[in-house]
Amino acid sequence: MTGRTKITDEEALAYHLDPRPGKIEINASTAMATQRDLSLAYSPGVAVPCEAIAKSPALAYDYTTKGNLVAVISNGTAVLGLGNLGALASKPVMEGKAVLFKRFADVNSIDIELDTEDVDAFVAAVKLMGPSFGGINLEDIKAPECFMIESQLKEAMDIPVFHDDQHGTAVICAAGLINALHISGKKIEDVKIVLNGAGAAGIACLELLKTMGARHENCVMCDTKGVIWQGRTEGMNQWKSAHAIKTDLRTLDQAMKGADVFLGVSAKGAVTPEMVSDMAENPVIFAMANPHPEITPEEAHAVRPDAIVATGRSDYPNQVNNVLGFPYLFRGALDIHARAINDEMKIACAEALAALAREDVPDEVAMAYGRKLSFGRDYIIPTPFDPRLIHVIPPAVARAGMDTGVARRPIVDMERYTHDLAARMDPTATIVQGISARARQAQARMIFAEGDDPRVLRAAVAYQRNGYGKALIVGRDEDVRAKLETAGLGDAVRELEVINAANTRHLDQYKTYLYKRLQRQGFDAQDIHRLASRDRHVFAALMLAHEHGDGLVTGATRKSAHAIRLLDHVFDIQNNPQAVGITALLHRGRIVLIGDTLVHEWPEPEDLATIAEAGARVSRGLGMEPRVAFVSFSTFGYPVSERAEKMNRAPAVLEARGVDFEFEGEMTVDVALNAEVAANYPFSRLTGPANVLVVPARHSASISVKLMQEMAGATVIGPILTGIDRPVQIASTGSTSSDILNMALLAACRVGG
């Protein structure tokens with residue numbers, strides 16, 4: 001089990017401020033470069049689809065973003081666990097919800113905050129916006145108003161209206177309960193269910209379970225005043241009354257006696273160990289209050305080892321997380337142009353989630369969570385980063401929508417639809433998540449050489465607070481303390497270990513080692529003393545060479561060539577043919593590695609083959625099967641050029657080495673990356689677009705990377721230094737704290753090493 005991530009107020013505010021305020025932006029999906037483009041996008045070209053939609057409104061799904069656009073709407077009356085903060089203060093949460101829609105299901109989403117607590121005004125505003133969207137996700141609206149708003153909007157609108165606080169929790173709860181009852185050998189129609197928390201989520205959970213077969217008389221609902229029984233008048237409303245039962249039970253502890261299932265959406269400590277001990281054999285406990293559950297798994301298992309326990313927290317097994325539901329429900333609903341999300345679609349989602357948890361778990365999921373997962377008491381609900389969710393859940397939802405008649409446009413080829421879903425998701429987030437998980441598992445002591453730079457210090461604090469391992473800062477205590485305080489991280493001083501060359505007991509050992517390496521290269525004892533005690537790059541490298549740390553990140557304050565020259569005093573880099581810099585470019589769901597961006601100035605064919613092997617190692621370290629292309633301005637010998645000749649010869653060197661990955665060349669970049677262009681060369685050994693590009697020289701590698709970064713907005717990770725004895729990564733001088741942290745994670749999990 002991993003500990004909860006510690007996040008300071010300053011870190012949270014900085015995340016929402018940089019690199020620009022907020023978490024979302026809008027990008028054009030069509031060309032906007034020429035006058036013709038603008039004429040098509042706006043006047044006069046735009047008149048054509050307008051007229052087509054006026055004649056046939058369903059065409060809005062073809063000619064606009066309506067079919068993949070969801071509005072996340074709130075009035076801020078129930079923001080997370082913070083209460084009524086108002087519409088404006090809810091905006092960061094709604095933006096966050098929009099980000100989750102995009103990240104997990106490629107659903108475009110925009111947040112809308114309505115400054116009213118009047119139900120009729122809220123409903124009227126949303127109804128008027130209906131033509132803009134393919135679906136409405138209501139969020140953080142207090143009960144009982146949320147029931148009234150959702151009910152009226154469902155009645156009035158012909159697109160899905162979904163209050164996630166209610167139904168999202170209900171769907172994931174139902175999925176977990178299906179599997180928990182499967183393990184305990186019980187049937188939903190037979191079990192006694194106790195619910196504590198008669199708000200929006202609790203009522204929705206009970207309603208969905210009853211739809212799935214739970215018996216009304218077996219379900220006991222409780223609120224802060226006790227059991228909701230027929231005849232009770234205090235604190236009642238029509239939604240609670242619908243779940244009142246004939247019973248003599250009056251308190252939660254009475255209701256828990258003999259209960260098979262407890263569902264909690266209430267408050268910390270609402271359930272005691274004594275209540276759990278009174279439950280039936282193999283009790284199921286879903287303590288979903290956040291951030292603190294009604295009872296912790298440790299407390300429950302202390303009295304009932306046979307209990308199956310789920311919570312809303314990520315640091316316990318069986319997390320009931322709404323992100324497993326709402327993105328995929330809407331994905332399936334949008335893709336059939338649904339008029340609504342009905343109970344059958346929600347049940348299909350729950351059943352598909354439950355079935356997925358019973359399947360073998362992919363290695364990348366195990367890697368992301370640092371442990372092997374298999375169906376059982378501690379794994380009854382899939383994890384949010386399971387890559388199968390996108391192509392398993394929406395098809396199930398879509399089928400249910402088609403079967404129940406809410407689909408405007410049924411999917412004809414479900415197999416192709418499933419394939420398209422798998423292909424549309426950006427793989428980069430999964431890869432970054434995998435690196436993060438592997439780094440957390442490695443628990444490396446990471447040396448941050450430039451302790452006088454605030455970016456480096458923020459990265460070091462994040463490294464340690466996110467549970468990746470120990471951060472070792474090379475610097476002076478007073479300077480580090482002052483810069484941390486300026487950055488709003490003064491409390492981190494007590495957590496980090498600051499190492500000053502002037503105070504370390506290892507300095508003489510370091511100098512002896514360095515003198516043996518450099519004494520025949522023109523360095524005398526005084527030179528060695530200055531290098532070891534005054535240059536932080538050399539000192540940090542000496543720490544790593546003596547295993548006083550497990551990895552090293554440097555370069556944020558020095559150009560990479562200068563940093564390499566300094567590190568070369570300790571590690572063989574410049575004259576090491578195996579030392580190669582590979583840069584990862586992440587752009588529009590594609591990852592391409594480019595080498596060598598760091599070491600080899602003008603590589604010969606043998607060097608190019610070595611660069612290809614390094615790129616293949618990095619590719620596999622990132623979870624991709626390498627396909628290497630040697631790129632040039634020529635393709636397979638034409639046009640003939642002396643400068644392209646070495647690119648033509650390099651594949652033969654690889655062939656002679658007998659490598660176990662695909663490679664081909666020389667070729668132009670479009671042949672390497674574009675499958676349609678590559679089809680003109682059917683003899684190519686590449687079975688798909690290349691993901692590793694080996695370029696003729698370091699300058700062309702650097703130009704390619706910078707051009708993609710500046711012109712196309714590609715995300716750059718690296719250069720990733722490979723082929724040296726110890727894990728060293730060199731950040732660029734323009735790195736942000738996040739970039740530096742990424743380099744530390746690469747060092748920690750030895751990508752390409």
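Here is a stop-by-stop tour of this predicted model, with something to select at each stop.

Before you click, note that residues are numbered from 1 along each chain as its sequence is written. As the model is predicted, local features need pLDDT of at least 70, side-chain atom pairs count only at pLDDT 80 or more, totals for chains, interfaces and linings use all residues, and side-chain values use heavy atoms, with hydrogens and water left out.

**Stop 1: the domains**

Colour the chain by domain: domain 1 (9–25 + 45–159), domain 2 (186–322), domain 3 (435–569) and domain 4 (580–723). These bounds come from an automatic or database domain assignment. Look at domain 1 and domain 2 together: their centres, taken over C-alpha atoms, are 31 Å apart. Five residues of domain 1 are in contact with four residues of domain 2, where contact means heavy atoms within 4.5 Å.

**Stop 2**

Now select K97, where UniProt places the feature "active site" in an unreviewed entry. UniProt positions are given here in the numbering of this model, feature names are shortened, and annotations may be inferred rather than shown by experiment. K97 sits in helix α5 (residues 91–105). Helices (H or I, at least four residues) and strands (E, at least two) are DSSP runs, numbered from the N terminus.

Is K97 buried or exposed? With a relative accessible area of 8%, K97 is buried. The cut-offs are under 20% relative accessible area for buried, over 50% for exposed, and partly exposed in between, using a 1.4 Å probe and protein chains only. Show V72, N137, E139, D164 and F326 as well: K97 touches them, not counting residues up to four places away in sequence.

Stay in helix α5 and pick A105. A105 is buried too, with a relative accessible area of 0%. Draw a line from A105 to G332: they are 227 residues apart in sequence, yet 9.5 Å apart in space, C-alpha to C-alpha.

**Stop 3: helix α14**

G332 is one of the buried residues of α14, so select the whole helix (residues 326–335) and you'll find it mostly covered, with ten of its ten residues buried. F326, which K97 touches, is among the buried residues here.

Just after α14 comes H337, in the loop between α14 and α15 (343–357). What is the phi of H337? It is near 55°, a positive value in a residue other than glycine. H337 is buried, with a relative accessible area of 11%.

**Stop 4: the annotated loop**

Next, select V79, L80, G81, L82, G83, N84, L85 and G86, which the UniProt annotation "binding site" (unreviewed entry) covers. L82 lies in the loop between β1 (69–74) and α5 and is exposed, with a relative accessible area of 56%. L85 lies in the loop between β1 and α5 as well, but counts as partly exposed at 41% relative accessibility.

**Stop 5**

Most residues other than glycine have a negative phi, and most peptide bonds are trans. Zoom in on A143 and P144, joined by a cis peptide bond with omega of about 5°. P144 is in the loop between β3 (135–138) and α7 (145–156). Then jump to Y638 and P639, where the peptide bond is also cis, with omega near -5°.

**Stop 6: a pocket between domains**

Finish with the second largest pocket, which has a volume of about 720 Å³. On a 1 Å grid over the protein atoms alone, a pocket is an open set of points with protein on both sides within 12 Å along at least five of seven lines, a cavity is a set where a 1.4 Å probe fits but cannot get out, and lining residues have an atom within 4 Å of a point. Grid points are joined across faces, edges and corners, and a volume is the space filled by probe spheres set on the points.

Select K706, G718, P719, S732 and T733, which lie nearest the centre of this pocket among its 31 lining residues. Where does the pocket lie? Domain 3 and domain 4 both give residues to the lining, so the pocket lies between them. Helix α30 gives the largest share, six residues.
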